[in-house]
Amino acid sequence: GWELDDAESAALHTSTKNALTYMFEMVRAYDIPGDYALSRTSVENFITWSSKPDSQLVSKIAWFEAHQNTYEKFGPYWLALVRCYYNAGDYEKCLHAINEYESITTRIFRQNLDFADVLPMVIISAKETMDTPEYIKIAEKYCPLILSNSKDSNWSIRYFTAQIYLDLYALTNNATYLDEAYEIAFNNVNELVGAQRETNTAY
């Protein structure tokens, strides 16, 4: 019932192409069984359901779960489920989904921002479901991964990471966490000040 303008159409085409390229590379490079290769229709269906709003979260999760056999070796499938389960408040399944993602993914890119974007959800899920020692282990594991898979310009998730380090400091009284939080906050301020200066100059 709606039509794409040229920019939206190009973005959808690029997204579909990237997903297909990812799938082909994984199948060829790691000798994945052909049954895991996705058709163009499967990729398009995945993109369609991934883009549905949270108002359709229940049906979105149901569709993903019903099609696990099709997408279970496709990394973005599990990242999409991490988001869905987190937004639904199902923290145990959120943690399961990230474990599934990590069990199949390989480091193709130097930085994986999609991965970094869901890690705050994973850390919060751990906080909600695990005892303190287990939560600390999860936070210690994923905070550095957020930083290594994001850029300085991704200041919001880096700010989140600083907050988690402050939480770890409050739980352990380990000053190393406080130092980590300070360094992240300091770098964030530098990044934002630089962006503001560019905006002021342009204005």
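**Figure 1. Helix 5 and helix 6 cross with a left-handed sense.** In this predicted model, helix 5 spans residues 75-87 and helix 6 spans residues 91-104. Their axes come within 8 Å and cross at roughly 165 degrees. Angles over 145 degrees count as roughly antiparallel, and the two helices are therefore roughly antiparallel to each other.

**Figure 2. A close-up of the residues where helix 5 meets helix 6.** From helix 5, look for Gly75, Trp78, Leu79, Leu81, Val82, Tyr85 and Tyr86. Helix 6 answers with Tyr91, Lys93, Cys94, Ala97, Ile98, Glu100, Tyr101 and Ile104. Sorted by class, this contact has 12 nonpolar residues, 1 polar residue and 2 charged residues.

**Figure 3. Tyr71 and Tyr77 form a stacked aromatic pair.** Searching the whole structure gives 13 aromatic pairs, and here is one to zoom in on. The ring centres of Tyr71 and Tyr77 are 5.9 Å apart, with 20 degrees between the planes. Tyr71 and Tyr77 are both buried.

**Figure 4. Tyr165 and Tyr177 make a stacked pair between two helices.** Their ring centres lie 6.2 Å apart and their planes meet at 25 degrees, so the pair counts as stacked. Tyr165 belongs to helix 9 (residues 155-172) and Tyr177 to helix 10 (residues 175-202), so the pair ties together parts 12 residues apart in sequence. Both Tyr165 and Tyr177 are buried.

**Figure 5. Ring pairs join up into an aromatic cluster.** Its members are Phe46, Trp49, Trp63, Phe64, Tyr71, Phe74, Tyr77 and Trp78.

Conventions: Residues are numbered from 1 along each chain as its sequence is written. This is a predicted model: local features need pLDDT of at least 70, side-chain atom pairs count only at pLDDT 80 or more; totals for chains, interfaces and linings use all residues. Side-chain values use heavy atoms; hydrogens and water are left out. Axes are lines fitted to C-alpha atoms, for helices over the stretch in contact, and angles run from 0 to 180 degrees between N-to-C directions. Helices (H or I, at least four residues) and strands (E, at least two) are DSSP runs, numbered from the N terminus. Angles under 35 degrees count as roughly parallel, over 145 as roughly antiparallel, 65 to 115 as roughly perpendicular and the rest as oblique. A crossing is left-handed if the near helix is turned anticlockwise from the far one by less than a right angle, and right-handed if clockwise. Contact means heavy atoms within 4.5 Å. Ala, Val, Leu, Ile, Met, Phe, Trp, Tyr, Cys and Pro count as nonpolar, Asp, Glu, Lys and Arg as charged, and the others, Gly among them, as polar. Rings of Phe, Tyr and Trp (its six-membered ring) pair if their centres lie within 6.5 Å; planes under 30 degrees apart count as stacked, over 60 as edge-to-face and the rest as tilted. Buried means under 20% relative accessible area, exposed over 50%, partly exposed in between (1.4 Å probe, protein chains only).
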